[in-house]
Amino acid sequence: MIDRFEKIKRKEREAAAGVDYTIGVCVAASCLSLQGDKVLDAFQEGIEGPKEEGSPPSRCRAKGVGCLGLCSRGPLVSVTKQQDQPADDQSRVLYQDVTVDDAPRILEAHEADKTVPDILCPTDTPFFERQIKIVLENSGKIDPTRIEEYIAADGYHALLEAVTEMTPNQVIDEIVRSGLRGRGGGGYPTGLKWTTVAKAQEEKVKYVICNADEGDPGAFMDRSVLESDPHRIIEGMTIAGYAVGASRGYIYVRGEYPLAIGRLKKAINQARRQNVLGNGICGTTFNFQIEIRLGAGAFVCGEETALIASIEGKRGQPRPRPPYPAELGLWHEPTLINNVETFANIAPIIRNGGDWFASYGTATSNGTKVFALAGSVAKNGLIEVPMGITLHEIVEELGGGTANGHQIKAVQTGGPSGGCIPASYFETPVDYESLKKLGSIMGSGGLITMDETSNMVDVARYFMEFCMAESCGKCVPCRVGTVHLHNLLDKIYNGKATHKDLALLERLCSFVSETSLCGLGQAAPNPIRSTLRFFREEYLDLLVDEPVHAISEEVAA
Amino acid sequence: MIKQKQAAPPSDDVRWRFVMATMRRNGFRRSALIETLHTVQETFGFLDEESLRYVASSLNTPLSQVYGVSTFYHLFKLKPAGKHTCVVCTGTACYIKGSSNLLKQVEKDYDIKPGETTPDNQISLLTARCVGACGVAPVAIYDGTIQGELTADKAVALLERYQDD
Amino acid sequence: MKRARVITFKIDGQDIGAHEDETILELARQNGIYIPTLCFLEGLSQYGGCRLCVVEVKGTDRLFPACTTYPIEGMEVFTDSDRLHGYRQDILQFLFSERNHVCSVCVSNGNCELQGLAFSTGMDHVEVPYLNPQLDVDASHPLFGLDHNRCVMCTRCVRVCDEIEGAHTWDVVGRGADARIVADLNQPWGEAASCTSCGKCVQVCPTGALFRKGASVAEMRKQATFLPYLSQMRAGWQNEEK
Ligand SMILES: Cc1cc2nc3c(=O)[nH]c(=O)nc-3n(C[C@H](O)[C@H](O)[C@H](O)COP(=O)(O)O)c2cc1C
Ligand code: SF4
Ligand code: FES
Ligand code: FES
């Protein structure tokens, strides 16, 4: 097997060595929407198309690659100079806002070992330099539609090592040692979850599920990983299957992500053909199959029990936990559910060891986190940063500060289940515990920056409107509570509410969060609570009566 | 168990083959319901009563359950869409940058709500939560093409070309 | 069948011996401890939707629905705190505010579980605004009627129709506050081919949402006690078949 991998690697190296420059055009969703595919066609046309008599063959080759990060300046194009060593970032130049007409210019310049300065994207900025790439190590470098490139970038080596040289327990030990925590929002220790599933009775059928239902309405990290490096997820899931003793896996993808679905399907077929998926993986007796299941537009299906109901073909309504899926999951069997980004960390951990992974990040939150940075900052896009980095660094350094001169006043993390953190707390390190202390959550990675022009009551109302529309309707506190909470916020925002309404709002917040069945309802009041905590005056300014003494005292306490 | 006779497709439209194929691949199990509905919608554009009945009987699933599932998931459409679609992003980044104003303007000018189609069947107005182009927010997708950095006026202007074709 | 282990735990300070496969609710009832319920009905599958039965457990702030939670050794459960009393009233307030429960004109007035719960929990006013939706009444069935205004979405009818009668005429459509009970393909009940007119749904409905036609105000009395018997019988058959 390793020979086969070596052969593929050699062939890839030879293909790259045949030219002097490799041009990578981003073909992930955001750049694609800005006509990245046409730009790629233009490059290909320029390289392979008809040329003048006698001109030498092109010194460039062009390929589609995954997300290059700075989505707001797309389509992005990278040009890498061929070297003996695998390219590092230094030998690469990046172009931004590339149009179809720019393609011949770029080609022409590089044929003559020059660059095109006017569309050059500076890469010596913190946005690029402060990032540490584990999950996104291949994004923007390899062609997501070719397994050969993934293998050439050391892909599937971790799987090979796991199934041929390690016992399932050793694999789990390595994950435990890494301190990896779930990236889907909750931050539950991944090693512990794997241990629980592995310990479930041996004779049982078990399942591995990848949660790719990315529902946070301002986040697109998971999608980007799936589009830019789909094999990474397949490898992570297969290793998980080996570790916990499962032979079947499902990837539950949002139906809104046709590109990711297509690439995954293709990747699964390629992996089967290379014998890194299917029966007798890598020549061992280990079998693992992966199927794709499509979501159909329901945020609550990101909740694990609802997701399971949805895979079973039912309405995506959660059920009370315990029992947890690790015990009683898909078709009543023990089931391991992890997020896309969690699975994306598995292969590097096995390849480099748990201790290596644990050397990144803070004491309780190891590794890196991918964020979708958006909103009022100058640079929008996808970033991967070590845990423990401060919000200030993310907003001011990577994000480049405000885009329009308006002071940035808060960042929102965790989407509809998270909260708003005011600028005065920007020195807070980004880790699970610190964010929780501020009434927000790490969430899946949406990070929206807001400036003075945003009203926090309006922001809270927006998220409550989302929760109201996405509530499954099973339990009373969430079904009715989200409507009442939304109506109250609407009333406040429209300047019709009194202090009594505000008191009611606060009381209902704790009621809804404590009595709701699933995480959606339990976390729905978070945006209200955090904006009330840090931006109370914005609420008070909108009220129409004088405070009643008794209430304001209660509030102060 | 008695082997059930397979229900015949509602019409001899050859496209039912795709629907059959999805169900067969999943062994006609009830759990294939959502997958099958996806195929029906992909093939025919929406889910009509006839196809729901067919799917229900083929997968041996109660009618009310099929209806319950198809109305739970917002991606499933029980009515045909208009000739053109306009999907306004209402994700967080777009909201912060004023997507609700776009939406209001379109709603007002065309007198439709999200999820509805104009009476002349020209335009369907839809919403989506983050289409992954937050960097150029606010955005809307016109017949599959993303348009970024919109204003209310620009959003309506872009719709006007659909008025009479 | 796997024999469940015996454990001991406490409800409101009272020592209770239990099999592991009995829920906190069942055990509380066996021991004379009252926990209000609405979506729970003996003989039907667990649902856990109304949240009236939530209880406190020592050592955690989380609340657990008694109807779907199994005790573990040494657990200390509390059913009787100010917090729980307040939340029970809140849930009922929410239900009263959600649709149009006008008891004075209801066939089930005096025999309604929702009304009874309001009475027993001391919920005497509704603090949140009424939502007042305008909902339909389906009178197309020759024997029975369905008034959506009085439905609390407990899904007992859906479960009895599926699990006991085996017809699965009812299901829930839509989601969130728009969710409704629906017959077959969103048809008038009278046209739903799968309905056997057995009337079980009417008997298990806790309010006046499902009613027998011809009953006038306060006349409708319901009999849900047939269920444990039926479901036991059904379990008996299944065991014999195996
Ligand atoms: C309402 C709700 C929505 C959720 N949405 C997602 C989601 O979109 N993606 C995700 O990975 N996890 C989501 N989760 C968290 C999952 O339930 C689950 O905890 C997670 O997939 C576990 O994976 P992890 O341990 O790798 O984080 C959601 C939870 C709730 C309550
Ligand atoms: S909290 Fe909301 S989404 Fe979760 S089960 Fe209850 S109604 Fe459904
Ligand atoms: S919020 Fe609109 S594209 Fe992300
Ligand atoms: S009786 Fe337990 S949740 Fe309804």
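A salt bridge, as the term is used on this tour, is a side-chain nitrogen of Lys or Arg within 4 Å of a carboxyl oxygen of Asp or Glu. With that rule, 5 salt bridges are found across the interface of chain A and chain C. Please keep in mind throughout that this is a predicted model.

**Stop 1: chain A against chain C**

Select chain A and chain C together, and show the residues that touch across the boundary: 33 residues of chain A are in contact with 32 residues of chain C. The two chains bury about 2700 Å² between them, with 57% of that area on carbon and sulfur atoms. For one salt bridge, display the side chains of C:Glu98 and A:Arg479, which meet at 2.9 Å, N to O. To see which elements of chain A are involved, colour H18, helix H19 (476–493) and helix H20 (499–515), each of which supplies at least two residues of the side that touches chain C. By class, that side of chain A has 16 nonpolar, 10 polar and 7 charged residues. Between chain A and chain C, 20 residue pairs are in polar contact, counting pairs with both residues at pLDDT 80 or more.

**Stop 2: chain A against chain B**

About 3100 Å² is buried between chain A and chain B, 58% of it on carbon and sulfur atoms. On the side of chain A, pick out A:Ala296, A:Arg315 and A:Tyr462, which lose the most area to chain B and together make up 19% of what that side buries.

How many salt bridges does the rule find across the interface of chain A and chain B? The count is 2, and a salt bridge to display joins the side chains of B:Arg129 and A:Glu465 at 3.8 Å, N to O. Between these two chains, 17 residue pairs are in polar contact, both residues being at pLDDT 80 or more.

**Stop 3: chain B by itself**

Among the contacts in chain B with a separation of 6 or more, 59% come from residues 24 or more positions apart.

Then zoom in on helix H3 (residues 49–58) of chain B, whose buried residues are B:Ser51, B:Leu52, B:Tyr54, B:Val55, B:Ala56 and B:Ser58. These buried residues of H3(B) pack against helix H1 (16–25), helix H2 (33–44) and helix H4 (63–72) of chain B. Following H3(B) is B:Asn60, which has a positive phi near 55°.

**Stop 4: the domains of chain A**

Return to chain A and colour domain 1 (12–123), domain 2 (155–357), domain 3 (368–451) and domain 4 (456–540) separately. The C-alpha centres of domain 1 and domain 2 of chain A lie 34 Å apart, and 7 residues of domain 1 are in contact with 7 residues of domain 2. Domain 1 and domain 2 of chain A bury about 460 Å² between them, 61% of it on carbon and sulfur atoms. Within domain 1 of chain A, select A:Val27, A:Ala29 and A:Cys67, which supply 57% of the area that this domain buries against domain 2, more than any other three residues. Across this interface the rule finds 0 salt bridges and 2 residue pairs in polar contact, with both residues at pLDDT 80 or more. The side of domain 1 that touches domain 2 of chain A divides into 6 nonpolar residues, 1 polar and no charged.

**Stop 5: A:Asn279**

Finally, centre on A:Asn279, in the loop between helix H12 (258–273) and S8 of chain A. Is A:Asn279 buried or exposed? A:Asn279 counts as exposed because its relative accessibility is 54%, and the cut-off for exposed is over 50%. Leaving aside residues up to four places away in sequence, A:Asn279 touches A:Phe286, A:Asn287 and A:Gln289. With A:Gln289 there is also a polar contact, side chain to side chain, at 3.1 Å.

How values were computed
Residues numbered from 1 in each chain as written. Chains lettered and ligands numbered in written order. Predicted model: local features only at pLDDT ≥ 70, side-chain atom pairs only at ≥ 80, totals over all residues. Heavy atoms only, no water. Buried area = accessible area lost by both parts, 1.4 Å probe. Polar contact = N/O pair within 3.5 Å; in protein donor to acceptor, adjacent residues only side chain to side chain. Helix = DSSP H or I, 4+ residues; strand = E, 2+ residues; numbered from the N terminus. Buried < 20%, exposed > 50% of the residue type's maximum accessible area, 1.4 Å probe, protein only. Contact = heavy atoms within 4.5 Å. Domains from an automatic or database assignment. Nonpolar A, V, L, I, M, F, W, Y, C, P; charged D, E, K, R; others polar.
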